[in-house]
Number of protein chains: 2
Amino acid sequence: MKKIILPPPHAWPELAQRPTKEPAQLEALVKEVFNAVAEQSDAAVKDYTARFDCTVLNDLAIPAGAIQAAARQISPTLQEAMAVAAHNIEVFHTMQREVPCVIETSPGVRCWRESRPLECVGIYIPGGSAPLFSTVLMLGIPARLAGCRQIVLCTPPNTEGKVHPAILYAASITGVTAVFRVGGIQAIAAMSIGTSSIPKVDKIFGPGNQYVTAAKQYAQRLGTAIDMPAGPSEVLIIADHTARPDFVAADLLSQAEHGPDSQVVLLSPDEALVQHTLLEIDRQLQTLPRQDIARQALAHSRAIVLPDMEACMAFSNLYAPEHLIIAAEQAARYAPLVQHAGSVFLGHYSCESAGDYASGTNHTLPTNGFARQYSGVSLDSFVKKITFQEISREGIQRIGPAIQAMAKAEALEAHRRAVAVRLADA
Amino acid sequence: MKKIILPPPHAWPELAQRPTKEPAQLEALVKEVFNAVAEQSDAAVKDYTARFDCTVLNDLAIPAGAIQAAARQISPTLQEAMAVAAHNIEVFHTMQREVPCVIETSPGVRCWRESRPLECVGIYIPGGSAPLFSTVLMLGIPARLAGCRQIVLCTPPNTEGKVHPAILYAASITGVTAVFRVGGIQAIAAMSIGTSSIPKVDKIFGPGNQYVTAAKQYAQRLGTAIDMPAGPSEVLIIADHTARPDFVAADLLSQAEHGPDSQVVLLSPDEALVQHTLLEIDRQLQTLPRQDIARQALAHSRAIVLPDMEACMAFSNLYAPEHLIIAAEQAARYAPLVQHAGSVFLGHYSCESAGDYASGTNHTLPTNGFARQYSGVSLDSFVKKITFQEISREGIQRIGPAIQAMAKAEALEAHRRAVAVRLADA
């Protein structure tokens, strides 16, 4: 981790930059897979699964029996942990329900909006050495709360054609309606286009590698909505002199272990705190199972000493982190200064792990500076908000003249007449 | 307008399809313009303006004086009409402000979310024979209410390098901070990349032709957010026997006059109403200034007789219209049946023109079936919602064991330790 002391403000923009990465040139491959799935449906999906995941499947769907049976393979401790997380996620996302509120903008002109669920959503869960069941909870629970009729989950099978029981168990407790053992570009193509087994979905959610990311972008161009643009995960920690170096180091490492391209940034007005934290990182790294990954992430990460907490907040807004931890005394007083961030953790006991798993907030968040423009996943991500209006005979008399004047000035005579014909009657 | 009587349900999907249109192959041109703007900044923007808009500009910005002077060129009637519309738009969108509400998901675990404005947004207003100032109100007002610091407007100049005073006046009353006389691909490129005159924006809003649409899609791939995918405007009207054929015809025509590719659909269980409406359309068309455009739109439009109002609602949900008018007795009782629509107009006096201009709802809405997945523009479109959490020492003790169990099962040891180090202290 590179230490930088009091950089002048004109140097900030460069320090706030993510390491540039050439976007992978995957368009040709993505197009090939999408075209094959469009033409050959399940057969193409099975072909690519054989080629990329080295397993030959008869059926893409996991049978309902296997999903129910998964509970027997999950320890009671883990089941209980998931229940705690599911409860908190449900409580927090339920609060995001919007109650329709009718407003009379002018006398006789009643307007409101109502939420309606997306009908069919797709959740992608990456494969890998460990099962990322927490993302099943983070996406499945708000989908169910929103009232989505079909919640489809795709995840790559292992070489025996199996899906980890923790993923199946998480699916069973969140209301996922169908699980398919399909991964990679072919999974995104199948959910975007629809096959004989896999339904076409309205929106695709979830993380993935560069292939999945490229496939989601391509699906978006074809008309399937996606949750948000993707990038490597990241945390920015602002720590004052009251912060505990061992806590801060642990939080930085919990982000760094995600992947070699993870980003971690430490800001502090206290140089001693920075120094102690760097020592703590070295100490904690010694026994970390994923220390190789964490070291690679730390190699392109920065610890920056800045003049004061306000400067730290300003730098953070420039960086627009996915996760922002404010490890400071009375941390809540800095909340109003947060302009751009995905999710904010206030105080010494609010570690990112809490939000990753169990506090109730969503862990699907904008990375790579997209926190400037995008919100994380919430109940809103699974609904549309439809506006309604009901105008009375008196209402149209009231606003009709304004509509007519504006339609005339825009040279849209039929728009004007739609009002005139009603005023003539009123 | 083609009349179809009681089509069997298996024929519905084809009837609900929009006329397929090959997407224009504009990528090479879009890329050229973006690259030129990235390399030569304002000079490239001026070059393309000279080439496409046939006007040579010294300055891209409209001077503040010219914006203030616009009011003198606008009739008091139109000023008053815009004031009525602005008031209603402001009232309706102010209601969409979310009040932060802190919830304790578990004892000691406090979570909430807060809205923050996008910092800099871009509004695109197309050129053409008439000035589309109503869209300035629909995008500028919520941007100002959200608290966006910079609200940039781009619109093509006429051959004299001028922008219509109605657009400048609308900009002045909505809080637009800068107006640039730039249109087409070069306007989108400039707002996406930033030039010496035109700021780089976080999100681009507004309608446009196929060039602008292609440029917005390209901007999105480069990382600039956009409001929503675009398509031709459309209305679907469901009318029962109480509907007035002259009202319904006027509403269909007000959509048909938008452009030759506009879509209008009429559904009714009452064949006589359909017949009378078609006659009314013919009658009203005779004196319509834009009858040529309307006739082209009507040529590929449909009036469909269905068994009952429930069938009409089901067909409408299949079509997912941008605008849905329910011209029926006690229309509000059908509101709960609406699943997919952009904006809904209930009853005989709620004409689409009202929502287009002055009732207060937003007229930037999802077309082309995107109402299945997307909401129209609202205050939400101009903010991010950031989640916050503040966990006490007791809180982490409460949910810590669940976090540790889940992190362990996902093989993320540093995540687990970030909790363990805090529990050891607690």
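Predicted model: local features only at pLDDT ≥ 70, side-chain atom pairs only at ≥ 80, totals over all residues.

Visitor: How many residues apart in sequence are the parts tied together by B:Glu90 and B:Arg144?

Guide: B:Glu90 and B:Arg144 form a salt bridge, their closest N and O atoms being 3.4 Å apart. B:Glu90 lies in helix α5 (residues 76-94) of chain B and B:Arg144 in helix α6 (residues 133-146) of chain B, so the parts that the pair ties together are separated in sequence by 54 residues.

Visitor: Which residues are joined into one network by salt bridges that share partners?

Guide: The structure holds 43 salt bridges over all chains. Shared partners join some of these residues into one network, and its members come from chains A and B. They are A:Glu98, A:Arg113, A:Asp380, A:Lys385, B:Glu98, B:Arg113, B:Asp380 and B:Lys385.

Visitor: Are A:Glu114 and A:Arg116 buried or exposed?

Guide: The side chains of A:Glu114 and A:Arg116 meet in a salt bridge, at 2.9 Å from N to O. The relative accessibility of A:Glu114 is 17%, and A:Arg116 has a relative accessible area of 8%. Because the cut-off for burial is under 20%, both A:Glu114 and A:Arg116 count as buried.

Visitor: Why is helix α7 (residues 165-174) of chain A largely enclosed by the rest of the structure, and which elements cover its buried residues?

Guide: Eight of the 10 residues of α7(A) are buried, so the helix is largely enclosed. The buried residues are A:Pro165, A:Ala166, A:Ile167, A:Leu168, A:Tyr169, A:Ala170, A:Ala171 and A:Thr174. Their cover includes α4 (64-69), α5 (76-94), α6 (133-146), β5 (150-154) and β6 (178-180) of chain A.

Visitor: Which residue follows α7(A), and what is its phi?

Guide: The helix spans residues 165-174 of chain A. A:Gly175 follows α7(A), and its phi is positive, near 95 degrees.

Visitor: What distance separates the centres of domain 1 and domain 3 of chain A?

Guide: The domain assignment of chain A gives domain 1 (23-227), domain 2 (232-372) and domain 3 (396-425). Along its principal axes, the C-alpha trace of the chain spans about 80 × 60 × 45 Å. Taken over C-alpha atoms, the separation between the centres of domain 1 and domain 3 of chain A is 47 Å.

Visitor: What share of the residues of chain A count as buried?

Guide: Chain A contains 16 helices and 14 strands. Of its contacts with a separation of 6 or more, 74% are between residues 24 or more positions apart. Among the 426 residues of chain A, the buried share is 61%.

Visitor: How far apart do the centres of the positive and negative side chains of chain A lie?

Guide: Chain A exposes about 15,700 Å², of which carbon and sulfur atoms supply 52%. The chain has 35 positive and 41 negative side chains. The distance between the centres of these two sets is 7 Å.

Terms used:
Residues numbered from 1 in each chain as written. Chains lettered and ligands numbered in written order. Heavy atoms only, no water. Salt bridge = Lys/Arg side-chain N within 4 Å of Asp/Glu carboxyl O. Buried < 20%, exposed > 50% of the residue type's maximum accessible area, 1.4 Å probe, protein only. Helix = DSSP H or I, 4+ residues; strand = E, 2+ residues; numbered from the N terminus. Domains from an automatic or database assignment. Contact = heavy atoms within 4.5 Å. Areas by Shrake-Rupley, 256 points an atom, 1.4 Å probe, with all protein chains shown as cover. Lys, Arg positive; Asp, Glu negative; His and termini not counted. Charge placed at Lys NZ, Arg CZ, Asp CG, Glu CD.
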